[in-house]
Protein chains: 2
Amino acid sequence: MSAQEIKEFRELCERAGLAATHQRQVIYEILKNMHGHPSPEEVYARVKRRIPAISLATVYKNLHLFIESGVFREVSLHHGTLRVETNHKPHHHLVCTSCKTIVDIDAEDLGLATQYGKLPGGFLAQRFAVDVLGLCADCQKNSD
Amino acid sequence: MSAQEIKEFRELCERAGLAATHQRQVIYEILKNMHGHPSPEEVYARVKRRIPAISLATVYKNLHLFIESGVFREVSLHHGTLRVETNHKPHHHLVCTSCKTIVDIDAEDLGLATQYGKLPGGFLAQRFAVDVLGLCADCQKNSD
DNA sequence: TGACAAATAATAATTATTATTGTTTAATAA
DNA sequence: TTATTAAACAATAATAATTATTATTTGTCA
């Protein structure tokens, strides 16, 4: 990691009120250099190559700290347990990043571009995450 | 459940090649009458009131069967394990409902309405799930 | 440098989910 | 109907993901 990047990391820790430990720095650096959507185990495996004595719990703790302080995001805000949709009408979700509550919003009520910031129940929209669900090229082939 | 609904349930089982068992019917009926985004445990608790001897594994099995056969959906296609975003550019996700692979798509490449069906890598879009991330009214208050 | 709070490693515990196995039940055909 | 058979079930063991605990170590700041 360059001197510049180390400075960046230290500032980031200061802003978040976190100690700039060696483990934390290595996890940060490795995340920066990974791409895709790594799981805690995958991060752990990479960090272990540099710090063999690292604990998986430390990786988890730091991932959560990075996510809480906004340094990294998590892919899905509502992972963790299977949830069944009971609403059969076309709809999307209002997901509170703080308390994780999910509330439905009818598709027609969501005027994506226009209604930014004016959503039901006083919900304050901060960003949109669009999941396009469908079949990748491979799975299209295999379903023939 | 009305005679009409029972007929509906039996047809649905036939289409999916499933036996129309009592447990399955009760789980189906209860799901129909729940709202929100129930977890397997929540469904189990409700079913247990009608069939005290039901097993949690049976509830899991049937939820998966219902989801596979398209009778119900799951809220998030990529639950199960924490995933960290390493892509800091504004982007959305192409999620394959078959193999569960998640591929990023730049926000500017996703012309929501227009590009339907014409997505990178031959991805066949079937539906859009929009998560609006932000703060609910309560959490806005609490953050003052 | 030394004190103290924060972070860490090791590991136990918990939670969510899946697999296994012996028993029961629904679907189908005689 | 009743016998047959594959599917479904209950009970429970097993696994995977995550979190909590605790004793030890390390940064931070006086």
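## Around DNA strand C

In this predicted model, 25 residues surround DNA strand C, and the closest are A:Thr21, A:Gln23, A:Thr58, A:Leu82 and B:Ala57. A residue counts as near a molecule or strand if its C-beta atom, placed from the backbone, lies within 6 Å of it. Sorted by class, the surface near DNA strand C has 14 nonpolar, eight polar and three charged residues. Here nonpolar takes in Ala, Val, Leu, Ile, Met, Phe, Trp, Tyr, Cys and Pro; charged takes in Asp, Glu, Lys and Arg; the others, Gly among them, are polar.

Which helices supply at least two residues each to this surface? From chain A come helix 2 (22-33) and helix 4 (56-68), and from chain B helix 3 (40-50) and helix 4 (56-68). Helix 4 of chain A gives the most, with five residues. Helices (H or I, at least four residues) and strands (E, at least two) are DSSP runs, numbered from the N terminus.

## Around DNA strand D

DNA strand D has 25 residues around it too, and A:Ala57, B:Ala19, B:Thr21, B:Gln23 and B:Thr58 come nearest. By class there are 14 nonpolar, eight polar and three charged residues.

This time helix 3 (40-50) and helix 4 of chain A, plus helix 2 (22-33) and helix 4 of chain B, each supply at least two residues. Helix 4 of chain B gives the most, again five residues.

## Helix 2 of chain B

Let's look at one of those helices. Its buried residues are B:Ile27, B:Tyr28, B:Ile30 and B:Leu31. They sit on the same side of helix 2 of chain B because they cover an arc of only 170° around the axis, taken from the directions from the helix axis to the C-beta atoms. An α-helix has 3.6 residues a turn, so residues three or four places apart point the same way.

The buried residues pack against strand 2 (84-85) of chain A, along with helix 1 (3-16), helix 3 and helix 4 of chain B. On the face turned away from the buried side you'll find the exposed residues B:His22 and B:Asn33. Buried means 20 or more other C-beta atoms within 10 Å of a residue's own, exposed means 12 or fewer, and partly exposed is in between, with C-beta atoms placed from the backbone.

## A note on the model

Residues are numbered from 1 along each chain as its sequence is written, while chains are lettered from A and ligands numbered from 1 in the order in which they are written. As this is a predicted model, local features need pLDDT of at least 70 and side-chain atom pairs count only at pLDDT 80 or more, but totals for chains, interfaces and linings use all residues.

How values were computed. Two residues are in contact if their C-beta atoms, placed from the backbone, lie within 7 Å.
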